[in-house]
Amino acid sequence: MRSILKYFLIFIIIFFLFCQTSEKKLKIGLIAPLTGDVKTFGESVKNAFLLAIEEANQRGGVLGKKIEYVICDDKNDPTEAANAAYKLINQDKINAIIGSVASKASIPVSEICEQSKIVMITPTSTNPKVTVREDGTRKRYVFRACFIDPFQGKVAANFALNHLKAKTAAVLYDVGNDYVKGLAEFFKKSFEEGGGKVVLFESYQKDDVDFSALLTKLKKLNPDILFLPDYYTKVGLIAKQARQLGITSTLMGGDGWDSPELPKIAGEAIEGGYFTNHYSPEDPRKEVQEWVKKYQEKFGKIPDALATLSYDATILLLTAIQKANSFESEKIREALNEIKEFNTVSGKIIFDENGNPIKDAVVMQYRNGKARYVTTVRP
Ligand code: PHE
């Protein structure tokens with residue numbers, strides 16, 4: 001009897017020790033659109049996330065532990081993104097989340113992380129609502145590595161007014177997409193504040209494929225600028241139809257244009273079009289050129305802004321964990337809050353009172369089927 005008790009006690013002790021050590025694992029979750037309408041975004045974000053982790057693991061990991069990870073595909077869908085967040089938190093027991101990519105997916109993830117007190121850093125979601133609630137209060141566990149859309153909209157509007165000398169603009173946007181609708185509104189506001197006139201501000205639905213009614217109306221108004229703040233698949237479609245109808249307005253958009261697929265979908269129609277973005281691989285700074293080389297060697301392509309921001313966000317998280325000297329979410333959150341300035345590949349970040357990075361934007365232009373650097377805009 002006594003020996004049974006002894007074995008039982010030994011078993012309990014071993015079990016307890018096992019639980020203790022398994023709790024000390026470092027596991028990071030990634031949520032990204034690996035399939036669906038913006039899958040080049042997901043691929044880039046995943047590649048750079050894996051690269052950052054691989055490099056850190058080669059240096060011995062973080063706080064003496066190898067970093068483990070779990071990757072989930074949200075298909076650029078808010079419900080899928082929410083399910084992924086629940087799975088990562090409840091089943092995989094991750095310590096923190098990188099993701100998601102599109103704002104409409106990151107918003108539900110941010111609410112779940114906030115409730116579960118799990119730190120998330122979205123590399124790329126630029127809509128203000130990702131880190132701030134409707135009532136204006138800050139979501140405490142939610143961070144990002146990119147600038148936000150009020151700034152992006154202003155950069156685009158000022159470029160149109162000052163550089164392109166535009167007087168009029170038309171804006172078409174997906175009313176059900178937080179990022180697209182937000183950027184449309186921020187552009188409009190800044191364009192009007194700068195003395196421009198928005199002659200048409202019209203919405204469409206996510207699944208619309210025929211824009212002829214809207215574009216026929218637009219053609220008569222002949223605006224200097226046609227602002228299309230959607231992602232590349234939709235922009236490609238609208239751009240093509242606009243040119244087919246004989247619309248000659250200069251096309252402009254936001255970071256959602258950043259995909260090698262856009263010139264493939266739109267062809268000639270996107271030539272000369274301008275868009276705002278987070279970084280340019282043509283930036284001569286040493287950090288950027290080293291990054292471009294390293295990424296290119298590994299993945300055989302030039303890193304886009306999504307890859308770059310994903311690398312930045314992952315390093316930011318690992319740095320915070322190191323500083324926190326802990327894998328606990330609460331400690332990681334505190335450490336992130338204490339980081340006021342951070343050097344990233346895409347430039348130096350200064351965090352504002354809502355944890356939103358203040359950083360430079362670039363303007364790019366599609367020329368001969370490639371996104372080329374035009375200028376840098378300081379906040
Ligand atoms: N900013 C976009 C969003 O919030 C995502 C994105 C970032 C797309 C960078 C392309 C490049 O939905």
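What you're looking at is a predicted model, where local features need pLDDT of at least 70, side-chain atom pairs count only at pLDDT 80 or more, and totals for chains, interfaces and linings use all residues. Residues are numbered from 1 along each chain as its sequence is written, and side-chain values use heavy atoms, with hydrogens and water left out.

**Two packed helices**

- Helix α2 covers residues 39–58 and helix α10 covers residues 286–299; helices (H or I, at least four residues) and strands (E, at least two) are DSSP runs, numbered from the N terminus.
- The two pack at an angle of about 100°, with their axes 11 Å apart; axes are lines fitted to C-alpha atoms, for helices over the stretch in contact, and angles run from 0 to 180 degrees between N-to-C directions.
- That makes α2 roughly perpendicular to α10 (a label for angles of 65 to 115 degrees).
- On the α2 side, the contact (heavy atoms within 4.5 Å) is made by Ser-44, Asn-47, Ala-48, Leu-51, Glu-54 and Glu-55.
- On the α10 side, Trp-291, Lys-294, Tyr-295, Lys-298 and Phe-299 take part.
- Sorted by type, the residues of this contact are 5 nonpolar, 2 polar and 4 charged; Ala, Val, Leu, Ile, Met, Phe, Trp, Tyr, Cys and Pro count as nonpolar, Asp, Glu, Lys and Arg as charged, and the others, Gly among them, as polar.

**Around the ligand**

- Thr-124 has a backbone N or O atom 3.0 Å from a nitrogen atom of the ligand.
- The side chain of Tyr-231 places an N or O atom 2.5 Å from an oxygen atom of the ligand.
- For Asp-255, a side-chain N or O atom is 2.8 Å from a nitrogen atom of the ligand.

**Asp-74, in a loop**

- Look for Asp-74 in the loop between β2 (67–73) and α3 (78–91).
- Asp-74 and Ser-100 are 26 residues apart in sequence, yet their C-alpha atoms are 8.0 Å apart in space.
- Neighbours within four places in sequence aside, Asp-74 is in contact with residues including Ile-31, Pro-33, Glu-80 and Ser-100.

**Ser-249, in another loop**

- Ser-249 sits in the loop between α8 (232–244) and β9 (250–253).
- Ser-249 is buried too, with a relative accessible area of 2%.
- A polar atom of the Ser-249 side chain lies 2.7 Å from the backbone oxygen of Pro-223.

Terms used:
Parallel < 35°, antiparallel > 145°, perpendicular 65-115°, else oblique. Polar contact = N/O pair within 3.5 Å; in protein donor to acceptor, adjacent residues only side chain to side chain. Buried < 20%, exposed > 50% of the residue type's maximum accessible area, 1.4 Å probe, protein only.
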